Amino acid sequence: MAQKIELPPLPYDFNALEPVISAEIMELHYTKHHQGYVTKLNESLEKYADAENKGDIAAMIGLQSAIKFNGGGHVNHALFWNNLAPEGTSELAKGGLSQAIDTAFGSFDKFVETFNAKTAAVQGSGWGWLGCCPASSKVCIATCSNQDPLSTQGLIPLLGVDVWEHAYYLQYKNLRPDYLKNIWRIINWKEVEKRFNQVVG
Ligand code: MN3
């Protein structure tokens, strides 16, 4: 029997990220979308465990795309909620991460500009990421389609931004670049720095 995955608690109220992200978006995103990935992941893992017990390799292979999609959805959203914090509560301090960003992109502003340009250009649904290469400890920007987690590119996720329409459309309509411009007001830099420090030791 596979262990049940639980929806992790949201670290703030639904309205805590206003005006950048509305309470309505947050409530739907967390209680319907993230919960949906968790529910379907548990169903897929249960079926997978059954198939494994029966030695049914074809059935195991058949479940892999559902596990990747819903498992990625769960992992990505669990990171995303912790990436965010109410406006005015967190800023990037001078230190290892800010230096790594300056080294990779020239400056913080250049980093944001490049991140937003690449993430705005994601076709259809996906994510933009600040990731860290485990071998070099260098930071880089990457994008993923659908719910592919950043680990599929061999990178460790530091900061992810969901650009599925469900993440912004009720408030920003078709203006994904405006959502991306505003999201920098609510980044939980302490959390991003913590993840960076775990990689570089
Ligand atoms: Mn989402």
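**View 1. The largest nonpolar core of this predicted model has 49 residues.** A nonpolar core here is a set of buried Ala, Val, Leu, Ile, Met, Phe, Trp, Tyr and Cys residues joined through side-chain atoms within 4.5 Å. Buried means under 20% relative accessible area, with a 1.4 Å probe and protein chains only. Look for I21, F111, V139, Y179 and I183, the residues with the most contacts inside this core. Domain 1 (23-83) and domain 2 (96-200) each give at least three residues to the core; such bounds come from an automatic or database domain assignment. As a rule, nonpolar side chains in soluble globular proteins tend to be buried together.

A quick note on reading these views: this is a predicted model, where local features need pLDDT of at least 70, side-chain atom pairs count only at pLDDT 80 or more, and totals for chains, interfaces and linings use all residues. Residues are numbered from 1 along each chain as its sequence is written, and side-chain values use heavy atoms, leaving out hydrogens and water.

**View 2. V139 sits in a strand pair.** Strands β1 (residues 126-132) and β2 (residues 139-145) run antiparallel and are joined by seven bridges. Strands are DSSP runs of E with at least two residues, helices are runs of H or I with at least four, and both are numbered from the N terminus; two strands pair if DSSP finds at least two bridges between them. C132 has V139 in β2 as its bridge partner. The two strands make a hairpin with six residues between them, and S137 in the turn has a positive phi of about 65 degrees. Contact means heavy atoms within 4.5 Å. Skipping neighbours within four places in sequence, V139 touches residues including L97, F105, L158 and F196.

View 3. Because they are four residues apart in helix α5 (residues 108-120), about one helical turn separates them.

**View 4. Four residues hold the manganese ion.** Its protein donors are H29 (NE2), H77 (NE2), D162 (OD) and H166 (NE2), 1.9 to 2.2 Å away. Donors are N, O and S atoms within 2.8 Å of the metal (3.2 Å for Na, K and Ca); water is not among the atoms, so sites may look incomplete. H29 and H77 are both buried.

Conventions. Buried means under 20% relative accessible area, exposed over 50%, partly exposed in between (1.4 Å probe, protein chains only).
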